[in-house]
Amino acid sequence: MIDQLLSNNMAWASARIRADPQFFRRLSAQQAPEYLWIGCSDSRVPANEIVGLDPGELFVHRNIANLAPPRDMNFLAVLQFSIEVLKVRHIIVCGHYGCGGVRAALDKERRGLIDHWLQPVADLAHRHQTHLMAISDFETRVNVACEHNVRAQVEYVGRNPFVTDAWRRGQTLCIHGWIYSIRDGLLRNLELSVDRPSQVDELAARQWFPDA
Ligand SMILES: [Zn+2]
């Protein structure tokens, strides 16, 4: 069945050329995306597709639970390159409801390496435990934690030196926090956008009770 993927690819490339004969020639000359997407690896959240963007329009970083870890080389390389070379104007942290990574950080089962990766989410849940434990339905609690996680990652990105240096240089850069629902295919803006250091401080200070 794996060969099916290669024939799918041939069909896709032909269709693109039929619609726009210069499509690949133009793309191969350069990429100039305006957006960096930080999303979950979950196969049900295909970045380009859900925001209707073509190849070349979205620079994408995905990992389990859409984290922006301040010491992850992969993430940092993506962040620096997208800001300093591609000069993206928007960074979108996109979580999704029912995230398996967030759920795994809450259910306290041992899974191995993934527990280490998800430690920041477990810490976050611990910080918000009064609010989270008041939610009796576990899936609702997971969804609220998914929103808390988006907010925490927006804050991490907003405090990252690559971002604060860009702001100091006067570069236009706005960070957004969105969440996607696998159930209806819709994105929701969590109204966490920040485009300068003072807004990151305001976001950190703001009492925030998501209502997933
Ligand atoms: Zn996920």
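Modeller: Take H4 and helix H10 (residues 161-168): their axes come within 9 Å and cross at roughly 15 degrees. Helices here are DSSP runs of H or I with at least four residues and strands are runs of E with at least two, numbered from the N terminus. Axes are lines fitted to C-alpha atoms, for helices over the stretch in contact, and angles run from 0 to 180 degrees between N-to-C directions.

Colleague: What does that make H4 and H10 relative to each other?

Modeller: Roughly parallel, therefore. The cut-offs are under 35 degrees for roughly parallel, over 145 for roughly antiparallel, 65 to 115 for roughly perpendicular, and oblique for the rest.

Colleague: And which residues make the contact?

Modeller: Leu79, Gln80 and Ile83 on H4, with Phe162, Val163 and Ala166 on H10. Contact means that the C-beta atoms of two residues, placed from the backbone, lie within 7 Å.

Colleague: Before we go on, what should I know about the numbering and the model itself?

Modeller: Residues are numbered from 1 along each chain as its sequence is written. It's a predicted model, with local features needing pLDDT of at least 70 and side-chain atom pairs counting only at pLDDT 80 or more, while totals for chains, interfaces and linings use all residues.

Colleague: How far is leucine 76 from asparagine 160?

Modeller: C-alpha to C-alpha they are 9.0 Å apart, although 84 residues separate them in sequence.

Colleague: Switching to the sheet. What's the strand order?

Modeller: S2-S1-S3-S4-S5, an open sheet of 5 strands with mixed pairing. Strand S2 (58-63) and strand S5 (187-189) are the edges, each pairing on one side only. From one strand to the next, the twist averages 25 degrees. Two strands pair when DSSP finds at least two bridges between them.

Colleague: Which helix packs on the sheet?

Modeller: Helix H9 (residues 138-159), which touches S1, strand S3 (90-96) and strand S4 (174-180). The direction of H9 makes about 155 degrees with that of S3.

Colleague: How many bridges does S1 make with S2 and with S3?

Modeller: Strand S1 (residues 35-40) pairs with S2 over 6 bridges, in the parallel sense. S1 and S3 also run parallel, joined by 5 bridges.

Colleague: Which backbone angle stands out at asparagine 66?

Modeller: Phi, which is near 40 degrees, a positive value in a residue other than glycine. Most residues other than glycine have a negative phi. Asparagine 66 sits in the loop between S2 and H4, and it counts as buried because it has 29 C-beta neighbours inside 10 Å.

Colleague: And what is phi at lysine 87?

Modeller: Near 55 degrees, again a positive value in a residue other than glycine. Lysine 87 is in the loop between H4 and S3, and 14 C-beta neighbours inside 10 Å make it partly exposed.

Colleague: Last one: which domains does the chain have?

Modeller: Domain 1 (1-30) and domain 2 (33-205), with bounds from an automatic or database domain assignment. Their centres, taken over C-alpha atoms, are 30 Å apart.

Key
A residue is buried if 20 or more other C-beta atoms lie within 10 Å of its own, exposed if 12 or fewer, and partly exposed in between; C-beta atoms are placed from the backbone.
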